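Colleague: Before we discuss any details, could you put the model on the screen and take me through how its features should be read?

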Amino acid sequence: MNSSTYPAGQHVMVLYTGGTIGMQASANGLAPASGFEARMREYLHSQPDLVVPQWRFREMSPLIDSANMSPAYWQQLREAVVDAVDVQGCDSVLILHGTDTLAYSAAAMGFQLIGLNARVCFTGSMLPAGVTDSDAWENLGGALVALGEGLAPGVHLYFHGERLDPTRCAKVRSFGRHPFKRLERQGGGVKAASIPPQLHYNQPRQLANVAVLPLFPGIGAEVLDGLLTSGIQGLVLECYGSGTGPSDNPDFLASLKRAQEQGVVVLAVTQCHEGGVELDVYEAGSRLRGAGVLSGGGMTREAAFGKLHALLGAGLDNAEIRNLVELDLCGELS
């Protein structure tokens with residue numbers, strides 16, 4: 001990691017959300033536990049050769065298993081980051097987060113914190129701190145060192161010595177020290193010429209209602225209609241290959257058209273680990289485009305989900321949202 005061109009982080013706020021890194025045994029298995037600040041301080045004091053920046057600690061409430069993460073919690077996290085930087089004067093924020101939804105949260109924060117002149121780094125662990133062969137301290141210490149050496153302003157994901165762009169990666173393994181991987185996505189987008197002021201990090205946000213729907217053989221219009229009647233504002237449609245779907249099903253296409261007429265933003269991404277969406281390559285894709293589906297290019301599911309939440313929550317009009325969806329805002333299409 002070459003970070004020498006960026007200013008060194010000197011004042012870090014550590015936001016502890018829970019997750020495996022600080023879990024302890026309970027009657028029902030591992031559960032989030034308070035008191036991690038003292039354990040972290042004890043560990044760092046035991047490592048005099050580990051040079052880390054000054055840090056302070058904030059325990060989020062409630063502490064959660066990241067399987068319980070929600071967009072409402074993202075709002076709390078965003079407010080905590082802004083408070084740390086704009087009110088308390090920190091130049092960096094380290095977020096300790098469970099790995100199951102870490103890629104979702106990190107990608108979402110990339111869109112929620114556009115314009116923030118600070119470094120935000122997510123990390124966690126696959127095994128709790130203190131257990132045999134745990135990766136907790138190496139990830140926490142490594143992330144602090146990386147911030148102290150200097151990272152570019154923006155959101156980062158640090159795990160096992162590797163820094164990843166959260167809008168381009170996903171959790172691909174449920175075991176081992178390398179659960180996250182950059183997905184080799186293609187189909188880049190044009191960089192947005194300007195960012196609307198409503199998307200700036202210090203502007204108010206509303207919660208949005210966004211869903212994800214993977215296509216599967218035999219999917220019918222009733223599945224999509226059920227989502228539409230639930231009141232969703234946005235939908236990430238996980239398509240086959242380069243962006244194909246059941247183009248010979250007129251009812252399904254009609255349902256997609258109704259979504260557009262109702263103002264629901266439908267964004268297509270690929271189910272494949274590599275490649276991206278090009279809706280006009282096959283007839284089965286161009287018919288989706290004709291029904292109002294937008295192309296997610298090489299976006300990951302996590303990035304597309306976070307992007308729709310940010311755009312819909314900023315109060316932009318539907319036409320502007322539909323335009324910005326296909327433009328690169330913070331590296332998700334680069």
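**Overall form, a covered helix and ring pairs**

Modeller: With 334 residues, a compact globule would have a radius of gyration near 20 Å, and the protein has 20 Å, which agrees; the radius is taken over C-alpha atoms, and the globule rule is 2.2 Å times the number of residues to the power 0.38. This is a predicted model, in which local features need pLDDT of at least 70 and side-chain atom pairs count only at pLDDT 80 or more, while totals for chains, interfaces and linings use all residues. Residues are numbered from 1 along each chain as its sequence is written, and side-chain values use heavy atoms, with hydrogens and water left out.

Colleague: What percentage of the 334 residues count as buried?

Modeller: Buried means under 20% relative accessible area, exposed over 50%, and partly exposed in between, with a 1.4 Å probe and protein chains only. Here 55% of the 334 residues count as buried.

Colleague: How many residues of helix H3 are buried, and what do they pack against?

Modeller: Helices are DSSP runs of H or I with at least four residues, strands are runs of E with at least two, and both are numbered from the N terminus. In helix H3 (residues 102-112), 10 of the 11 residues are buried, including Leu102, Met109 and Phe111. The buried residues pack against several elements, among them helix H2 (71-87), strand S6 (119-123) and helix H8 (301-313), where a contact means heavy atoms within 4.5 Å.

Colleague: How should I read the aromatic pairs, and how many does the structure hold?

Modeller: A pair of aromatic rings is described by the distance of the centres and the angle of the planes. Rings of Phe, Tyr and Trp (its six-membered ring) pair if their centres lie within 6.5 Å, and planes under 30 degrees apart count as stacked, over 60 as edge-to-face and the rest as tilted. The structure holds seven such pairs. The rings of tyrosine 43 and tryptophan 137 have their centres 4.6 Å apart and their planes at 5°, so this pair is stacked. It links tyrosine 43 in helix H1 (residues 36-45) with tryptophan 137 in helix H4 (residues 136-149), 94 residues apart.

Colleague: Which pair is edge-to-face?

Modeller: Tyrosine 104 and phenylalanine 305 form an edge-to-face pair, 6.0 Å centre to centre with 90° between the planes. Tyrosine 104 lies in helix H3 and phenylalanine 305 in helix H8, so the pair ties together parts that are 201 residues apart in sequence. Tyrosine 104 is partly exposed, with a relative accessible area of 21%, whereas phenylalanine 305 is buried at 13%.
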